[in-house]
Amino acid sequence: MLTIADVSKSYGTRELFSDVSLFIARTDRLGLVGPNGAGKSTLFSLILGEERPDTGTIEWERGADFGFLPQESAPAGDESILHIATSGKKLEPDEDDWDIDYTLEPRARKILAGLGFKEGDAEKPAKSFSGGWVMRAHLARLLVAEPALLLLDEPTNHLDLEALLWFQDYLTRYPGGLVVISHDRAFLNALCTGMLELRAGTLHYYHGNYDNFLAEKEARKAQQAARFKNQQREIAHLQKFVDRFGAKASLATRAKSKEKQIERLKEDAVEEPEEELKRINFKFPQPPRSGLKVVELKNVRQAYGDHVVYRDLNFTAERGQKLVLVGPNGAGKSTLLKILADVIPIQGGMRELGSNVVPGYFAQNRLDNLKSDLTVFENVMELRTAENQLTEQQARAILGAFLFRKDDVHKPIDVLSGGEKSRLALARLLVKPPNLLLMDEPTTHLDIPSIDALIGALKNYEGTLIFISHDVHFIRTLDAQVLHVHSGRLTPYAGNYDYYLEKSKATDARAALTAGFTDARPVQAAPAAAPDHQKSGNEHPKSGKPTPNQLRRMREEVGQLEKRVSELEAQQAEITAALEDPATYADKGKFHHLNKELSTIVDQIAAATAEWEAAATKLAEMESA
């Protein structure tokens, strides 16, 4: 489908790559990786014809078409989301139209729903959505068009986990070829049958997915190192003979022969394996030691309008803990992190920091951590205080560790890539190291070597870490304990992520990050006591001990309420599974009905859960009386 032969590309004196050759077949699923600045996006530009190679050729098979998703899209206008998804094609026929594709709109709506758009969003103007949602609409456009080859540049950056899993599953059935630039190793493992690595000006091909690529790369590196070592040993041995006997007439001929042998070996010399260059390398300065209790929430209430996220929430984090927040989208994970960071004011209850606690918040939107009107260098220097006495040299050293070197430090924030913004936000944390680190999706936009560097720094971090992540490798490597967030309740799992998977009986490690489970029954503070005139006849006087019959009736009531919550959550799971089935969207009426039913079930769960919690609290009081 696509043949790249002996392609080279330079900018001024800097050569990005040379003599790159590649054949892409219609069934290929290729991941393109390499350090930032290696030329991955430039290679895409050459394939797309947006730039011309200095040497070599790029040829498409006749009739082959392609679709391209860049990292960023142009600003949206007045067109609707559906208009973008259908590439602006007509959906309604005129009198003389005969070639309208009547499957176009249903396919577009199904794909938009899979990517997370709600009912009614398709008709809204694209300019009313954020840039990330506009990118989703453009991704839908490519999937609707079904070109022979998809070229995707970081397609998962703008997707939440549920949309990402849907998209990943869709691509496994996609009829065309795929070349994707991605830093998501789970995504690459699930999809790719081959990996391309652009490194040191050369394109290397590896069979299999990302894990296969890592293993094969290490094997090649070890083999190359062994060949280099043997060759250098042989050259040294021959040179020793020449040095010792070259001046002797009787051995001059043999010495000359050895010199020629050395020259031939050097001409065909195996290069020493290169160490990985241009990767971030840092460690968090150990923060001041805090008290044992780092942060505590008491009876916190938080709502957005009529939507109550938390009611009577209690939570405590202790020194040295590493906690990952998991749970369904919209359950309140980011809200909890913002409450802990004091980014949003709480509407009820208390937030208390422990002794000597210095919090630091790493926002999902990196611009929240940066001063957009300052340069890279100024963003670090503005953190200078009388205590840290930060010098320009120290600031440059910190920025250099995050790959901001020479004139890069004078870049304005608005020209930085997503990865550069993430690296700068991390660099700022090093200037004033917190002992309570709160991070929302810290690996987004970072390349894989940078993620590994962040893991290394956090493993040695001695403060308290609470974070949200959709990167299972990141969570597992940090050996973090799991705190499940669901329906305004927190369920701690006294173990790492694999322990959580075992106890929750999850079948998919990645899908479990956003799952809701019916066994999540944390104990939280009791609601405020009802006025006397509202109390039921079953309540016993505070001064008296409840009778056995009263305890039995109360236990039965709690059991029935718990069963009701479990039944409702099971219904919710069934409806959610039906909405994830592409066949559902073939019947528009069924889709609307399920959506409406799901909304009703969610409200019923919230009411039933509150009733169960009140009854369970009352039972606990009766049993302890």
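This is a predicted model: local features need pLDDT of at least 70, side-chain atom pairs count only at pLDDT 80 or more; totals for chains, interfaces and linings use all residues.

User: How many helices and strands does the protein chain have?

Analyst: There are 17 helices and 18 strands in the protein chain.

User: How are two packed helices described?

Analyst: The general idea is to give the angle between the axes and the distance between them. Here, helix H7 (residues 210-245) and helix H8 (residues 252-267) have axes that come within 9 Å and cross at roughly 155 degrees. Angles over 145 degrees count as roughly antiparallel, so H7 is roughly antiparallel to H8. The crossing of H7 with H8 is left-handed.

User: Which residues of H7 and H8 make the contact?

Analyst: On the H7 side they include Ile235, Leu238, Gln239 and Val242. On the H8 side they include Ala255, Lys258, Glu259, Ile262 and Leu265.

User: Which residues are buried in helix H11?

Analyst: In H11 (residues 392-401), the buried residues are Ala395, Ile398, Leu399, Gly400 and Ala401. Their cover includes helix H10 (376-381) and helix H12 (418-431). Just after H11, leucine 403 has a positive phi of about 70 degrees.

User: Staying with H12, is glutamate 420 buried or exposed?

Analyst: Glutamate 420, which lies in helix H12, counts as buried at 14% relative accessibility. The cut-off for buried is under 20%. Leaving aside neighbours within four places in sequence, glutamate 420 is in contact with Phe404, Lys411 and Val415.

User: How many salt bridges does a search of the whole structure find?

Analyst: The search finds 23. One way to read a salt bridge is to look at the N to O distance, then at where each partner sits. One of them joins the side chains of arginine 199 and glutamate 197 at 3.1 Å, N to O. Glutamate 197 is buried, with a relative accessible area of 4%.

User: Which parts of the chain does the salt bridge between glutamate 352 and lysine 298 tie together?

Analyst: The closest N and O atoms of glutamate 352 and lysine 298 are 3.7 Å apart. Glutamate 352 belongs to strand S13 (residues 348-353) and lysine 298 to strand S10 (residues 293-304), so this pair ties together parts 54 residues apart in sequence. Glutamate 352 is partly exposed, at 26% relative accessible area, and lysine 298 is also partly exposed, at 30%.

User: And where do arginine 476 and aspartate 498 lie?

Analyst: Their salt bridge has its closest N and O atoms 2.8 Å apart. Arginine 476 is in helix H14 (residues 472-478) and aspartate 498 in helix H15 (residues 497-504), so the pair ties together parts 22 residues apart in sequence. Arginine 476 counts as partly exposed at 37% relative accessibility, and aspartate 498 counts as partly exposed at 39%.

User: Which residues are linked in a network of salt bridges?

Analyst: Lys9, Glu51 and Asp54 are linked in such a network.

Terms used
Residues are numbered from 1 along each chain as its sequence is written. Side-chain values use heavy atoms; hydrogens and water are left out. Buried means under 20% relative accessible area, exposed over 50%, partly exposed in between (1.4 Å probe, protein chains only). Helices (H or I, at least four residues) and strands (E, at least two) are DSSP runs, numbered from the N terminus. Contact means heavy atoms within 4.5 Å. A salt bridge is a side-chain nitrogen of Lys or Arg within 4 Å of a carboxyl oxygen of Asp or Glu. Axes are lines fitted to C-alpha atoms, for helices over the stretch in contact, and angles run from 0 to 180 degrees between N-to-C directions. Angles under 35 degrees count as roughly parallel, over 145 as roughly antiparallel, 65 to 115 as roughly perpendicular and the rest as oblique. A crossing is left-handed if the near helix is turned anticlockwise from the far one by less than a right angle, and right-handed if clockwise.
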